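Student: I would like to go through this structure with you. Can we test each label against its cut-off?

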Amino acid sequence: KRLRVTKLLGRLFYSKSSNIATNFHPCFTEWIKRSLDLNVKIRETMVKCLMEILKKKNVKVLGQEASQALVKMVNQDPSLDVRLLCIHEICNLAYLVDESSSSSSVTTASTNSATPMISASLLKAVGN
């Protein structure tokens, strides 16, 4: 049941058409604490949802909080699988950012996707 609630809140928070994470920021902050949950499946879900927030939401505060949670997970998660999932997803995001910045001269005005947010601390965590 907690896993389903975590997924649902994650989808609501990273939805492009929703401002729930900013409008209900205390709830978002509590939800982020699920990244420290004892259940591995919940932590894996959090990795995926936090990455979607970095990809889809262009709100600095949300990006910073998502990045901080992911850095903790890369550095301290007790499960190797969760740490590897984090690293894999961060590398995919870095590739997306690089690809979108190198092709930006070719993109047209009809492209309305925002450039994903990736912080230096997130890249540093992967490098360590």
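Predicted model: local features only at pLDDT ≥ 70, side-chain atom pairs only at ≥ 80, totals over all residues.

Student: Which residues of H4 and H5 make the contact?

Tutor: H4 contributes Arg43, Val47, Leu50, Met51, Ile53 and Leu54. From H5 come Leu62, Gly63, Ala66, Ser67, Ala69, Leu70 and Met73. They divide into 10 nonpolar, 2 polar and 1 charged. Arg counts as charged and Gly as polar.

Student: Now the rings. How many aromatic pairs are there?

Tutor: The whole structure has 3 aromatic pairs.

Student: Why is the pair of Phe13 and Trp31 called edge-to-face?

Tutor: Their planes are 65 degrees apart, with the centres at 5.2 Å. Phe13 sits in helix H1 and Trp31 in helix H3, so the pair ties together parts 18 residues apart in sequence.

Student: What makes the pair of Phe28 and Trp31 tilted?

Tutor: Here the planes stand at 35 degrees and the centres are 5.8 Å apart. Stacked needs under 30 degrees and edge-to-face over 60, so this pair is tilted. Phe28 and Trp31 are 3 residues apart in helix H3, about one helical turn.

Student: How do you know that Phe28 and Trp31 are buried?

Tutor: Buried means under 20% relative accessible area. Phe28 has 0%, so it is buried. Trp31 has 3%, so Trp31 is buried too.

How values were computed: Residues numbered from 1 in each chain as written. Heavy atoms only, no water. Phe/Tyr/Trp six-rings, centres within 6.5 Å; stacked < 30°, edge-to-face > 60°. Helix = DSSP H or I, 4+ residues; strand = E, 2+ residues; numbered from the N terminus. Buried < 20%, exposed > 50% of the residue type's maximum accessible area, 1.4 Å probe, protein only. Contact = heavy atoms within 4.5 Å.
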